[in-house]
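Hello,

Here is the structure I said I would pass on. Please open it next to the notes that follow.

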Amino acid sequence: MRDSASATHTVNVVYLARLREAFERGAETLPLPTDVDPITVADILATLMARGGVWAAELAPGRAVRVAVNYAMTSRDAPVHPGDEVALFPPVTGG
Amino acid sequence: MTVRVQPEDFDVAREIANLRAGDARVGAVASFIGTVRDINDAAPIVAMTLEHYPGMTERSLEAIVAEARRRFDIYDALVIHRVGELRPTDQIVLVVVTSAHRGDAFDACRFIMDYLKTQAPFWKKEQTPDGARWVEARTSDDEAAAGW
């Protein structure tokens, strides 16, 4: 169904709070891997961790990173589709 | 049901009066106000900045209130959460619940706060004399939410 050659084969990744500061950006457009199907949140995290440095450190297994896809909290095995908004953030501390 | 995320302060008396105005079914109004303390984890707090995730935060609060309505016999609920820079003694959050009787009003109010603390995307950054730091989540908050 999805065209892997399409320019729309991307997701918008949003970083919040500590992660926004560590990555020095609030959001970016990320190309989705074309060799994986279905693509999951874990694949997005692996793509980002492959950048090394602060990315590998902040997203390392064991670090408390929460994930939302299209504004709903979800797990790392949740599917991700082109055009989705994937947000990464630390555990929440409001109230 | 009303959910607001705003930098502005709120008037508790006016918000409560508005929520129960003209509703003679209401026999109980429970409320919770969270405020900024001047100390946290043994450090003096000069100020704090509340960050949120526009688009998700409101949806999250609405989902929490909807779940409270499903679980408890309540008539209406209001949640106001402030964002931006706040100082010690400032109001942060207000939850108000109306019901026929106190039991459901108290329970729903506490439920909403316990879920807000662990589910709603807000983050606090504290300014201390030694610099700024992000507040760490507490496992006691997770336990409180899991208790429901």
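**Notes on chains A and B**

T89(B) is exposed, because its relative accessible area of 66% is over the 50% cut-off. This residue sits in the loop that links strand 7 (84-86) to strand 8 (91-99) of chain B. T89(B) is not a glycine, yet its phi is positive, near 85 degrees. Please keep in mind that the model is predicted.

Chain A has a residue with a positive phi as well: E24(A), also not a glycine, has a phi of about 55 degrees. E24(A) lies in the loop between helix 1 (18-23) and strand 2 of chain A. With a relative accessible area of 72%, E24(A) is exposed.

Another point in chain A is the peptide bond between D37(A) and P38(A), which is cis, with omega at about 0 degrees. P38(A) belongs to the loop between strand 2 (27-31) and helix 2 (41-49).

Now for chain B as a whole. It contains four helices and ten strands, in the order β-α-β-β-β-β-α-β-β-β-α-β-β-α along the sequence. The radius of gyration of chain B is 16 Å, close to the 15 Å from the globule rule for 148 residues, so the chain is as compact as a globular protein of that length. Its C-alpha trace spans about 50 × 30 × 30 Å along the principal axes.

Of the 148 residues in chain B, 46% are buried. Among contacts between residues at least 6 apart in the sequence of chain B, 78% join residues at least 24 apart. Chain B carries 18 positive and 24 negative side chains, and the centres of these two sets are 2 Å apart.

Regards

Notes. Residues are numbered from 1 along each chain as its sequence is written. Chains are lettered from A and ligands numbered from 1 in the order in which they are written. This is a predicted model: local features need pLDDT of at least 70, side-chain atom pairs count only at pLDDT 80 or more; totals for chains, interfaces and linings use all residues. Side-chain values use heavy atoms; hydrogens and water are left out. Helices (H or I, at least four residues) and strands (E, at least two) are DSSP runs, numbered from the N terminus. The radius of gyration is taken over C-alpha atoms; the globule rule is 2.2 Å times the number of residues to the power 0.38. Buried means under 20% relative accessible area, exposed over 50%, partly exposed in between (1.4 Å probe, protein chains only). Contact means heavy atoms within 4.5 Å. Lys and Arg count as positive and Asp and Glu as negative; His and the chain ends are not counted. The place of a charge is taken as NZ of Lys, CZ of Arg, CG of Asp or CD of Glu.
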